[in-house]
Amino acid sequence: MNISFCGNDNISAYNMSEGFVRNVCFLDALNLVPHVFLLFITFPILFIGWGSQSSKVQIHHNTWLHFPGHNLRWILTFTLLFVHVCEIGEGIVSDSKLPTCHLHLFLPAIMGFVAATTSIVYYHNIETSNFPKLLLALFLYWIMAFVTKTIKLVRYCQDEIYFGQLRFCITGTMVVLYGLLMAVEINVIRVRKYVFFSSPQKVKPPEDLQDLGVRFLQPFVNLLSKATYWWMNPLIISAHKKPIDLKAIGKLPIAMRALTNYVCLKDAYEEQKKKVANHPNRTPSIWLAMYRAFGRPILLSSTFRYLADLLGFAGPLCISGIIDSFPTDPGNSTSNNAASVS
């Protein structure tokens with residue numbers, strides 16, 4: 001089978017007489033440029049080790065610093081990876097309908113998936129190294145990807161390809177995601193001032209991570225590690241080898257200790273007492289004080305609890321739908337009808 005980037009069944013695939021915007025194959029090749037740029041820039045940095053070491057910060061944990069928009073960046077990147085998978089599937093299905101292989105239908109999407117994965121690995125290493133100037137490579141990548149995808153979206157609009165086509169929806173979604181990631185990068189520059197400003201913001205490591213006895217890292221790790229509890233692997237491995245004790249578990253962070261929570265509740269209750277000091281008939285409310293002190297985490301955890309209970313019905317409903325989708329056996333139905341008649 002002959003393999004060609006634009007296919008062998010279209011003689012005008014490389015024709016640029018009507019402009020590059022009218023040439024779909026050229027636009028797909030143009031979409032490869034940002035992904036290749038990111039891989040070319042970030043791979044040497046990752047392999048050399050700039051992303052895993054820092055000359056300014058020496059602490060015993062390898063993940064502690066969260067740049068502004070940390071969780072939003074991870075969510076957007078996961079969404080981008082999912083859209084890339086959809087784009088790869090759409091390109092492969094479209095290519096299967098053509099007489100020759102058209103690499104431009106799915107190769108840019110594959111490279112985009114690799115580049116998006118590399119971007120989040122690269123970002124994680126920059127966080128652990130506290131070297132934000134290396135984020136400029138990501139900033140340039142988001143700009144280039146946003147521009148190339150926007151040009152492709154304009155091309156679809158010129159051909160009157162709108163929301164009725166999956167390809168248009170995927171491209172439009174990726175334009176939005178690249179734009180949001182670019183905005184996140186701009187916000188990091190605005191807050192940290194690591195470039196274009198004369199006085200960059202100095203960030204110190206959390207006090208808890210400077211204590212060698214603290215091993216509960218849930219508040220300090222990235223979103224993926226929080227969701228999977230990957231940071232607990234050393235403890236789980238050590239517990240598999242030998243029984244663990246309190247020394248291996250370590251101390252809780254300051255914000256999670258009983259004394260800290262007591263002081264927080266006491267301050268909220270004292271605030272309630274001040275509010276009712278001029279009203280002798282009113283008494284301070286301990287419930288309102290608890291809400292002021294711990295209302296947000298309580299509401300968040302209860303919301304997740306309700307969602308978990310509701311999602312518990314998803315499994316049985318899916319199994320029921322799968323069973324109902326199977327065709328019934330005509331022989332069994334006939335025998336059952338005969339048995340009922342007799």
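These questions and answers go through a predicted model and the rules behind its labels.

User: What are the ground rules for the numbering and the side-chain values?
Analyst: Residues count from 1 along each chain as its sequence is written, and side-chain values use heavy atoms, with hydrogens and water left out. In this predicted model, local features need pLDDT of at least 70, side-chain atom pairs count only at pLDDT 80 or more, and totals for chains, interfaces and linings use all residues.

User: Where in the protein chain is confidence lowest, and where highest?
Analyst: pLDDT is the predictor's confidence in each residue, from 0 to 100. The protein chain has a mean of 81, and 84% of its residues reach 70 or more. Helix α12 (residues 330-341) is lowest, at a mean of 51, and helix α5 (residues 166-192) is highest, at 92. Helices here are DSSP runs (H or I, at least four residues), numbered from the N terminus. Over residues 51-60 the pLDDT is below 50. Where pLDDT is low, the coordinates should not be read in detail.

User: Why is Arg73 called buried?
Analyst: Buried means under 20% relative accessible area, exposed over 50%, partly exposed in between (1.4 Å probe, protein chains only). Arg73 has 2% relative accessibility, so Arg73 counts as buried. Arg73 lies in helix α2 (residues 70-96).

User: What does Arg73 touch, leaving out residues up to four places away in sequence?
Analyst: Contact means heavy atoms within 4.5 Å. The residues touched by Arg73 include Tyr123, Trp142 and Glu185.

User: Why is Cys86 called partly exposed?
Analyst: Cys86 has 32% relative accessibility, so Cys86 counts as partly exposed.

How values were computed
Helices (H or I, at least four residues) and strands (E, at least two) are DSSP runs, numbered from the N terminus.
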